[in-house]
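Reader: Please take a close look at the charged side-chain pairs in this model. Which of them form salt bridges, and how open are the partners to the surroundings?

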Amino acid sequence: YTALGEKREVGGYLASDVQFKSPFSQLVGKESVVELVNGFMPMFKSLVIQSAFASGDEAVVIYDVDGTTRAAALMRIQKGLIARIELFFDPRPFM
């Protein structure tokens, strides 16, 4: 999420078979997730991490997008790469 906030390439952090789930989509595979992230990056000015914590092979990142949208990402890490991402946020402002 630091790389995402800095609008840097994120593919190097993802497992090849990464699973992604959000209120809008479900994807499987590194290429699909990178394509989604690359489409999202131009849509925001700032992404600020508010909190992050981990337990075992899971991590949670709480962040703000443009100071108006708060979101949470639950991730599973396997072999040092993100294997699963599930996003939690209120989708109503985007509809």
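Author: In what follows, buried means under 20% relative accessible area, exposed means over 50%, and partly exposed lies in between, with a 1.4 Å probe and protein chains only. The model is predicted, so that local features need pLDDT of at least 70 and side-chain atom pairs count only at pLDDT 80 or more, while totals for chains, interfaces and linings use all residues. Residues are numbered from 1 along each chain as its sequence is written, and side-chain values use heavy atoms, with hydrogens and water left out.

A salt bridge is taken as a side-chain nitrogen of Lys or Arg within 4 Å of a carboxyl oxygen of Asp or Glu, and by this rule the count comes to 6. One of them joins glutamate 6 to arginine 8, at 2.7 Å from N to O; arginine 8 is partly exposed because its relative accessible area is 37%, and glutamate 6, at 48%, is partly exposed as well.

Another pairs arginine 76 with aspartate 57 at 3.9 Å, N to O. Arginine 76 lies in strand β5 (residues 69–78) and aspartate 57 in the loop between β3 (47–55) and β4 (58–65), so this pair ties together parts that are 19 residues apart in sequence, where strands are DSSP runs (E, at least two residues) numbered from the N terminus. Arginine 76 is partly exposed at 30%, and so is aspartate 57 at 37%.

Aspartate 90 and arginine 92 also form a salt bridge, their closest N and O atoms being 2.7 Å apart. Salt bridges with shared partners, in turn, join Asp57, Glu58 and Arg76 into one network.

How values were computed
Helix = DSSP H or I, 4+ residues; strand = E, 2+ residues; numbered from the N terminus.
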